[in-house]
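Hi there,

Here is the structure I promised to pass on. Have a look at it first, and my notes follow below.

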Amino acid sequence: MPSKQNIYKKPDFWTQKAFKEGYPARSVYKLQEINEKFGMLKKSKTVLDLGAAPGSWTVWLLRNLPQNGKVVSVDLNPLSKDVKAQNLVFFQGDLTDEETRAKIRQEGPYDLVVCDAAPLTTGNRTVDTLRSKSLVEMALWYAGEMLRTDGNFCAKLFQNGNQQKILMKMKELFAQAKGFKPEACRSESFEMYVIGLNKKNADGIKKETENAEK
């Protein structure tokens, strides 16, 4: 019986489709499906793509934003060499580094924050899901600090039961918070996406926090 590693190496329908359409990876179709269902790009002009390498989500965003739109992409690793555009700003650096955060903030505020980052996996599901949760919390920090009122959010999360806690936290920040697994996800994968729609204004967030503390 082939291992998961060997299965993943075999190009499936989505991988072949991505290659034909000029995307670095199959993950682009997850974002496309999420946008079709939730309207993530509606009224978006400035988008922050966290953990962007090799750049499939960045390419899709560049192709679908208005001409005056801008994508700011960030990753520890470089984007694929053919991911280039005049309205693309790329920072190579650590998302938890203060200097990197300052550069990202300077390009904002943002209408949409997306994060398809995945942790380096160990094979231990408990460890891997905790690492994934940390990445989502980091992405949520960016949404809280740099996303405009009414802006949207999307991040990948490994499922293990923590998704409900994440969604509850997101409901303090967004008018709607939902979990979703696109068809383009591999059937054997335990990844999903958490979606935040219409970020609340500062007064709304403060009221939610006060109510939670009572």
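Helices here are DSSP runs of H or I with at least four residues, strands are runs of E with at least two, and both are numbered from the N terminus.

A word on where this comes from: it is a predicted model, so local features need pLDDT of at least 70 and side-chain atom pairs count only at pLDDT 80 or more, while totals for chains, interfaces and linings use all residues. Residues are numbered from 1 along each chain as its sequence is written, and side-chain values use heavy atoms, with hydrogens and water left out.

**The chain as a whole**

The secondary structure comes to eight helices and seven strands. Of the 214 residues, 46% are buried; buried means under 20% relative accessible area, exposed means over 50%, and partly exposed is in between (1.4 Å probe, protein chains only). The chain exposes about 11700 Å², with carbon and sulfur atoms supplying 49% of it (Shrake-Rupley method, 1.4 Å probe; for residues, only the protein chains shown count as cover). Among contacts with a separation of 6 or more, 65% are between residues 24 or more positions apart; contact means heavy atoms within 4.5 Å.

L147 counts as buried, at 5% relative accessibility. Leaving aside neighbours within four places in sequence, L147 is in contact with Y110, D111, L112, V113, Y142, N152, F174 and K199.

P109 is in the loop between α5 and β4 (110-115) and is partly exposed at 40% relative accessible area. Beyond four places in sequence, P109 touches T46, M146 and R148.

**Backbone points to check**

The peptide bond joining G108 and P109 is cis, with omega about 5°. Another cis bond runs from A53 to P54, with omega near 5°, and P54 is in the loop between β1 (46-50) and α4 (56-64). Two residues other than glycine have a positive phi: K43, near 65°, and D150, near 75°. K43 is in the loop between α3 and β1 and is exposed at 75% relative accessible area. D150 is in strand β5 and is exposed too, at 53%. For context, most residues other than glycine have a negative phi, and most peptide bonds are trans.

**Salt bridges**

There are nine salt bridges, counting a side-chain nitrogen of Lys or Arg within 4 Å of a carboxyl oxygen of Asp or Glu. One of them pairs K30 with E191, whose closest N and O atoms are 2.6 Å apart. K30 lies in helix α3 (residues 28-38) and E191 in strand β7 (residues 191-199), so this pair ties together parts that are 161 residues apart in sequence. Both K30 and E191 are buried.

K70 and E107 also meet in a salt bridge, at 2.9 Å from N to O. This pair links strand β2 (residues 70-75) to helix α5 (residues 98-107), 37 residues apart. K70 is partly exposed at 22%, as is E107 at 24%.

R105 bridges to E145, with the closest N and O atoms 3.5 Å apart. R105 is in helix α5 and E145 in helix α6, so the pair ties together parts 40 residues apart in sequence. Salt bridges that share partners also join K30, D116, K156 and E191 into one network.

**Helix α6**

D128, in helix α6 (residues 125-146), is worth a look: D128 is buried yet has no salt bridge, and the nearest side chain of opposite charge, R131, is 5.0 Å away. Lys and Arg count as positive here, Asp and Glu as negative, and His and the chain ends are not counted. Not counting residues up to four places away in sequence, D128 touches P119, L120, T121, T122, G123 and F158.

The axes of α6 and helix α7 (residues 163-173) come within 12 Å and cross at roughly 0°, which makes the two helices roughly parallel. Axes are lines fitted to C-alpha atoms, for helices over the stretch in contact, with angles from 0 to 180 degrees between N-to-C directions; angles under 35 degrees count as roughly parallel, over 145 as roughly antiparallel, 65 to 115 as roughly perpendicular and the rest as oblique.

Best wishes
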